[in-house]
Amino acid sequence: GALEPIRTDSTFVADSGVDFLVRTVSSLQNKARAKRASGTRARRRPNPLLNYDEEMFVADISPTHRCLLNKYNVIDHHLLIVTRAFEDQRTLLTLADFEAACLCMAEFDGLAFYNGGRVAGASQRHKHLQMIPLPMARTGPRVPIDPLIESSPRTKRLFSLPQLPFIHAVAHLDGFSRVDAQQLPRRLLRLYRRMLRATGMNDRFDRSAPVWQSRPYNLLFTRQWMLLVPRSREFYRGISVNALGFAGALLVRDQRQLLCLRGVGPMAALLRTAVKRPAAKGLTVQ
Ligand code: AMP
């Protein structure tokens, strides 16, 4: 009873080879209640991911991270992977962040994601990765954009998907389970840094001090792939887009927003919140 889920109705909107999963908030009353509750709590607890609600506690993952439930969840079993001490969400991910995420990913098959800053969809300043179980919907692929990535050539290099009109970097993660569990977080960290460089973001990584992200971005990874998308705006016509949007899952407030999304097409909406890709230019492979 401590969770205050946001109830939604789901529908699919096909665009550019992706069946986008679009959820519409079905109970405004419920959302208003959740908002009120979060507002009250925000006044009482300025940082709910540090001074967290005991009922949200799931586990201590590592010496540096703990796992909490998302209190206002749209998706069941939505986890937050938070740093035990305050770190700013706009600092780059560290080895300790990937170690914590990999420990969770080894326990259950999920999608891990990161909203790098408010413009990328983050509502909390305290550093938090997030994870949801897969598949994302009862029908269709495990993640809506899976078919685009699966149909791309197997390569060890970074690549971009022709269907995505904005700057991004993708990589296959060849056999998550076959890689030595000790080595995996290091591999993911290296890949993440290559993606930052390849998309024109940070290219220097200090080992001793936190490094600020050079711009807002979303990072997503499953056991099969990793995707990074630099961001320019949080909203498209009042629709807030976070990392899940780039997995092919969008959340709208009402029928009006759903109609708007159907009209323009979800891919065009994503493009407006990301950075347009220069014509005929793929990714600089690193
Ligand atoms: P984001 O909005 O991507 O920064 O993710 C932060 C998440 O924290 C949001 O999805 C909120 O639903 C969730 N949240 C807000 N307040 C609390 C709380 N008191 N306990 C647990 N989760 C919370």
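## Ligand shell

The shell around the ligand (residues with a heavy atom within 4 Å of it) divides into 6 nonpolar, 7 polar and 2 charged residues, where Ala, Val, Leu, Ile, Met, Phe, Trp, Tyr, Cys and Pro count as nonpolar, Asp, Glu, Lys and Arg as charged, and the others, Gly among them, as polar. Of these 15 residues, Asn 70, Asn 115, Ser 123, His 128 and Gln 130 come nearest.

The model is predicted, so that local features need pLDDT of at least 70 and side-chain atom pairs count only at pLDDT 80 or more, while totals for chains, interfaces and linings use all residues. Residues are numbered from 1 along each chain as its sequence is written, and side-chain values use heavy atoms, with hydrogens and water left out.

## Polar contacts

Among the polar contacts (pairs of N or O atoms within 3.5 Å), a side-chain N or O atom of His 128 lies 2.6 Å from an oxygen atom of the ligand, and one in the side chain of Asn 70 lies 2.7 Å from a ligand oxygen. Gln 124 contributes a backbone N or O atom, at 3.4 Å from an oxygen atom of the ligand. The ligand on its own has 490 Å² of accessible area (Shrake-Rupley method, 1.4 Å probe), of which the protein covers 88%.

## Sheet

Strands (DSSP runs of E, at least two residues) form an open sheet of 8, in the order S3-S4-S5-S7-S6-S9-S10-S8 and with antiparallel pairing, two strands being paired if DSSP finds at least two bridges between them. Strand S3 (57–60) and strand S8 (169–172) stand at the edges with a single partner strand each, so one side of each lacks a neighbour in the sheet.

Methods: Helices (H or I, at least four residues) and strands (E, at least two) are DSSP runs, numbered from the N terminus. A polar contact is a pair of N or O atoms within 3.5 Å; within protein, one must be able to donate a hydrogen and the other to accept it, and residues adjacent in sequence count only if both atoms are side-chain atoms.
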